[in-house]
Amino acid sequence: MNTKPSKGVGQRMPLYDGVEKVTGRAKYTADLFPRDALVGRIYRSPLPHAELIEVDVSAARSLPGVVAVITGADCDIPYGILPIAQNEFPLARDRVRYFGEPVAAVAAVDEETAERALKLIRLHVRELPIIDSIAKARAPDAALLHDKKPGNIEREVHNEFGDTAAGFAAADLVREQTYHAAEVNHAQMEPHAAFAAWEPEREQLTLHTCSMVPYYVHKKVAQCLGIDTAQVRVIKPYVGGAFGARVETLNFEIIVSLLARAARGAVRMQLTREESMLTHRGRPESETRVKLGMTRDGRITACECEVVQRGGAYAGYGIITILYAGALLNGIYDVKNVKYDGYRVYTNTPPCGAMRGHGTVNTRVAFESLMTSMAAELDLDPIEVRRRNRIPGPSVTPNGLRVESYGLPQCLDKVEEASGWRQLRGKLPKWKGIGMACSHFVSGSAKPVHFTGEPHATIVLKLDFDGGISILSGAADVGQGSTTIVAQVVVEVLGVDWRRVRVITNDSAVTPKDNGSYSSRVTFMVGNATLDAAQKLKQVLVEAAARRLQVEPDQVECLGESFHVLGDPSRAVSFSDATAEALVDTGTLHVKGTFTCPIEFQGGKHRGGAVGSTMGFSYAAQVVEVSVDPVTCRVSVDKIWAALDCGFAINPLAVEGQIQGGVFMGMGQGLSEQTRYENGKMSAANFLDYGFPTMAETPPIEVFIVESIDPNGPFGAKEASEGPLAGFPAALADAVRDATGLEFHEWPLTPERIAKAMEAREREQRAAARKTVRQPATAGAA
Amino acid sequence: MQELDIVKPASVAEAVSLHGGAVGARYLAGGTDLVPNMRRGLQKSRKLVDITGIEELRQIAFENGALRIGAGVTLEALCASDLVRRHAPLLALAASQVAGPTHRAAATLGGNLMQDTRCYFYNQSDFWRTANEYCMKAEGTICRVAPSSSRCWASYCGDVAPAMLVLGAEVDISGPTGNRREPLAALYADDGLQHLKLGPGDLLVSVEVPAQSGWTAGYEKVRVRGTIDFPLAGIAVAIKREGNRIADLRVACTGVNAYPGLVPNLEAWRGKEPDEAFFAALEKAVRKEIQPMESTLTAAGYRKRVALGLARKLVGELFESAGA
């Protein structure tokens with residue numbers, strides 16, 4: 001073991017589990033399927049909207065090799081991520097509301113039998129009107145998806161902070177524009193998979209699943225099975241990407257559990273790519289109308305914003321999403337007067353959910369686009385305009401959010417200088433352009449989804465006779481690196497050799513509860529809980545060493561693998577001896593660390609004011625350079641410069657990866673990704689047609705880390721993953737305008753969309769030319 | 001997926017004999033087209049004749065001024081072949097644009113030339129097609145792209161065929177009824193359902209491509225992403241130039257019809273200068289040849305626009321570079 005204290009944080013190091021993953025040794029849920037488990041398959045609705053008169057499973061049930069068949073009749077307990085909006089059944093009852101909604105499920109001895117059983121299921125239905133767009137949902141005579149939801153509105157939000165009327169009156173320029181963003185899916189690499197084992201003798205269930213929130217899955221599975229949470233154990237193996245796709249309990253997790261109990265055994269379930277995409281929970285299609293007031297020198301005097309989101313068939317996270325879309329109008333610039341109206345609409349499409357940048361992305365894209373457009377009208381540089389609207393110092397936003405650290409100005413400086421912005425903007429050759437935008441995101445929701453009074457994060461360090469430190473963590477590593485971060489924090493505090501440390505994660509029977517990997521809370525909250533635990537363990541060991549050394553604890557210096565008397569290195573005990581001393585009379589040590597966001601960070605007092613509340617915002621600025629092909633109208637992204645204020649980079653290598661990943665995901669939404677529906681039926685549910693970018697479209701991404709050292713983050717750290725995304729689509733459109741002179745208000749900027757705009761301009765130019773020929777006397781009179 | 005009977009012959013003769021023209025039997029090479037279609041229930045074949053063990057199909061040779069390329073040569077091998085790069089670089093260029101690198105490592109020339117036609121209503125899962133009442137190409141009766149039409153409008157989306165067409169390739173076919181050689185163009189029919197004129201058990205053995213020397217040639221495809229995607233439209237051009245005049249010109253299209261096709265009647269421009277009248281006539285000729293329908297997620301109008309634009313651009317650029 002090392003003689004010098006090991007360094008933990010601030011180190012560029014590969015992810016703790018990175019080598020296993022890139023070499024294929026890591027086992028994901030489907031790799032762990034027991035060979036003797038039954039095969040579970042879901043029968044899905046072939047219709048987007050229909051009343052279920054009968055679900056006839058008799059033929060399927062009598063097929064030899066079929067062990068269990070379940071339908072909506074087997075579970076009448078609804079579920080949903082928000083306690084106040086649980087309106088989804090694991091298997092549809094009475095009505096189906098989207099194409100692909102689970103209706104029945106079978107467990108059979110093999111895949112072919114399960115497949116044949118599905119083909120034997122008969123549905124008797126009365127078809128209902130398909131409400132597959134915002135316009136149809138809001139039409140005065142529209143059929144309603146849910147009782148007690150008039151107008152198909154899941155939630156309306158209306159709030160005004162400050163005085164927007166006065167703000168607009170004080171402006172020199174007021175502009176308003178509506179922006180449209182297509183629905184996108186997470187397109188995570190690993191399709192959904194789970195297996196459930198019901199132990200009839202003990203009446204206990206063990207569920208392995210690819211979740212980001214094993215705790216919520218645990219609660220909802222117990223709820224829908226009508227059993228005590230004590231009877232459930234949830235294990236999360238490695239997860240192959242998530243991005244919000246698995247941030248709530250998903251129907252298949254409950255279905256596979258119901259099947260296992262019905263079959264009194266183990267059932268495995270591997271969803272196809274199409275099924276994974278139908279499970280959806282992606283970013284909703286949205287219409288965003290923004291109105292900004294600006295002074296001649298670029299100061300924003302007021303903001304008014306209306307957002308309508310096509311939320312899909314069930315509540316899911318919808319209320320949070322529509323609240324986020326308004327809340328994060330604040331917290332990035334110093335705007336005093338902000339009005340927001342949000343409408344979350346029910347439609348016969350798969351339920352949307354919380355996708356990377358939850359709720360905030362399309363609002364930010366619209367805001368940034370209008371801000372840049374107005375800057376151009378006032379002949380101001382867009383970067384300069386953002387500087388003029390910077391938040392002056394630690395402050396509270398009009399809607400009660402606290403800004404404690406703010407590195408946006410440094411982010412702007414970095415990308416402006418590195419990209420050569422001043423030399424390139426407006427000066428590139430025809431068909432080339434450069435654009436920019438900013439964005440931000442929370443470092444964890446300061447108020448948890450389920451309020452329990454418990455700490456927001458808990459970490460346990462176990463130390464036993466062997467001297468090994470087991471970090472017991474419930475934080476769900478879904479590729480973002482939370483396992484690595486907790487190990488780095490423990491090593492930093494204790495200074496111990498890396499080989500002494502193990503991270504044990506996500507087994508509800510072993511690891512402490514964690515709320516889950518959502519709202520970029522883990523580094524901040526779990527990181528702080530880990531820091532607390534490590535400091536406490538250090539104190540225990542220092543006291544033990546002091547006893548052995550027969551000095552007071554404050555006379556002991558910890559060097560990681562040994563403890564010395566201050567000023568006398570010859571008097572030392574090893575880590576092992578300190579551990580042995582610490583175990584005397586107590587035995588195995590379990591040291592617990594916790595973290596709770598103080599109440600003053602938990603948001604404004606208005607209804608929904610907790611959404612958007614956080615202890616620290618990350619800030620990002622990016623510059624994007626593009627070329628547009630005049631023949632194919634295809635946009636190529638040639639270079640990206642992205643800067644992120646993540647407070648402090650506990651692992652700069654991992655932070656760079658997160659920034660690149662976030663920017664890349666924004667590029668997908670900006671360039672080419674969108675879900676498609678044919679009469680309400682999702683029809684590009686595969687990786688060929690969905691169209692996320694590939695390596696071929698990925699330009700060099702130059703990354704800059706800005707460290708503003710947040711006063712509350714662990715070692716000053718904030719989030720690093722979601723913030724960099726939202727700037728991209730706006731920066732892209734800005735760059736395309738610089739290249740083509742065409743302004744776009746709709747994403748993605750597909751070749752087809754750009755071709756249409758170019759054709760429209762060509763038509764206008766031809767018409768203008770004809771007019772000029774006919775009326776030479778008035779031409780150019782302006 | 002269904003249970004399969006897979007046989008693996010060692011020679012062309014044995015392959016043809018094992019296939020025997022049996023209903024539902026298919027030749028299997030790289031499988032990059034066939035296997036995904038089988039998984040989606042689009043191909044119900046129960047018997048597969050795996051031809052990847054036949055050495056003869058993997059040969060590339062150059063003799064008598066022509067390249068002879070076995071149908072079992074992978075696209076990766078085709079791209080890397082010195083013979084191909086020297087004598088028909090256009091083929092390597094076109095093959096390098098097929099799908100992604102992992103596909104090209106498995107996919108073969110024969111499979112690419114004969115790949116199934118594609119359509120938004122056809123290349124879907126069994127679940128999706130069941131819910132959408134199928135289409136005439138698989139299990140249904142109407143063409144979902146053009147419901148009042150009596151034909152199938154799925155489009156051919158191979159990248160190598162148009163390049164082969166402009167170089168005047170011929171194909172050798174073995175089958176239960178004997179061997180034959182014919183122009184590549186004769187292999188194709190204007191029918192999304194049956195776009196290949198092959199008899200039961202016919203096996204494409206090799207392709208003979210005259211050397212490219214004297215021609216300046218290029219291939220470009222349009223797709224949403226820079227890799228993996230099939231062409232929304234693809235144009236291959238071969239041109240000969242004498243002074244400021246076009247000595248000869250061939251243009252072929254892919255992705256915009258049920259077959260890869262040469263644009264007819266370009267001979268009329270031999271000996272003429274490529275002025276604006278020529279380019280207008282070229283666009284007109286291409287417009288007449290192609291018929292993209294709403295068979296892709298990208299609108300047909302866009303595919304038409306870029307096919308015309310690409311033809312104009314490629315011919316112009318290649319004429320310039322032929323003079324350099």
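1. Confidence. pLDDT is the predictor's confidence in each residue, on a scale from 0 to 100. The model discussed here is predicted. For chain B the mean pLDDT is 96, and 100% of the residues of chain B reach 70 or more. The scores for the model are ipTM 0.95 and pTM 0.96.

2. Chain A as a whole. Chain A contains 19 helices and 31 strands. Its radius of gyration is 28 Å, close to the 28 Å given by the globule rule for 782 residues, so chain A is as compact as a globular protein of that length. Along the principal axes, the C-alpha atoms of chain A fill a box of roughly 105 × 75 × 45 Å. Of the 782 residues, 59% count as buried. Among contacts in chain A with a separation of 6 or more, 81% are between residues 24 or more positions apart.

3. Chain B as a whole. Chain B has eleven helices and twelve strands. The radius of gyration of chain B is 20 Å, close to the 20 Å from the globule rule for 324 residues, so this chain too is as compact as a globular protein of its length. The box filled by the C-alpha atoms of chain B, taken along the principal axes, is roughly 60 × 50 × 35 Å. Buried residues make up 49% of the 324 in chain B. Of the contacts in chain B between residues at least 6 apart in sequence, 65% join residues at least 24 apart.

4. Domains of chain A. The division is into domain 1 (18–25 + 448–596), domain 2 (33–128 + 189–241 + 246–279) and domain 3 (285–447 + 602–749). Between domain 1 of chain A and domain 2 of chain A, the C-alpha centres lie 38 Å apart. Their contact takes 17 residues from domain 1 and 18 residues from domain 2. On the domain 1 side of this contact there are five nonpolar, eight polar and four charged residues.

5. Contact between the chains. Here 23 residues of chain A are in contact with 21 residues of chain B. On the chain A side, helix H19 (residues 751–774) gives the most, with three residues. By class, the side of chain A that touches chain B has nine nonpolar, six polar and eight charged residues.

6. A six-stranded sheet in chain A. The sheet is open and mixed in its pairing, with strand order E7-E15-E14-E13-E8-E31. Strand E7 (153–161) and strand E31 (746–747) are at the edges with a single partner strand each, so one side of each has no neighbour in the sheet. Within this sheet, strand E14 (residues 300–312) and strand E15 (residues 338–346) of chain A run parallel and are joined by nine bridges. One bridge pairs Gln309(A) with Arg344(A) in E15(A).

7. Strands E20 and E21 of chain A. Strand E20 (residues 469–473) runs parallel to E21(A), and five bridges join the two. Ser473(A) stands opposite Thr505(A) in E21(A). Strand E21 (residues 501–505) has a covered face made of Val501(A), Val503(A) and Thr505(A). The uncovered face of E21 consists of Arg502(A) and Ile504(A).

8. Backbone geometry to check. Most residues other than glycine have a negative phi, and most peptide bonds are trans.

9. The cis bond. The peptide bond between Trp747(A) and Pro748(A) is cis, with omega about 5 degrees. Pro748(A) is found in the loop between E31 and H19 of chain A. Strand E31 is an edge strand of the sheet in point 6, and H19 is the helix that gives the most to the chain A side of the contact with chain B.

10. Arg281(A). This residue has a positive phi, near 70 degrees, and is not glycine. Arg281(A) sits in the loop between helix H8 (273–279) and strand E13 (285–294) of chain A. Strand E13 belongs to the six-stranded sheet. Arg281(A) counts as buried because it has 24 C-beta neighbours inside 10 Å, where the cut-off is 20 or more.

11. Ile709(A). Phi is also positive at Ile709(A), near 50 degrees. The residue lies in the loop between strand E30 (701–706) and helix H18 (727–740) of chain A. Ile709(A) has 14 C-beta neighbours inside 10 Å and therefore counts as partly exposed.

Terms used
Residues are numbered from 1 along each chain as its sequence is written. Chains are lettered from A and ligands numbered from 1 in the order in which they are written. This is a predicted model: local features need pLDDT of at least 70, side-chain atom pairs count only at pLDDT 80 or more; totals for chains, interfaces and linings use all residues. Helices (H or I, at least four residues) and strands (E, at least two) are DSSP runs, numbered from the N terminus. The radius of gyration is taken over C-alpha atoms; the globule rule is 2.2 Å times the number of residues to the power 0.38. A residue is buried if 20 or more other C-beta atoms lie within 10 Å of its own, exposed if 12 or fewer, and partly exposed in between; C-beta atoms are placed from the backbone. Two residues are in contact if their C-beta atoms, placed from the backbone, lie within 7 Å. Domain bounds come from an automatic or database domain assignment. Ala, Val, Leu, Ile, Met, Phe, Trp, Tyr, Cys and Pro count as nonpolar, Asp, Glu, Lys and Arg as charged, and the others, Gly among them, as polar. Two strands pair if DSSP finds at least two bridges between them.
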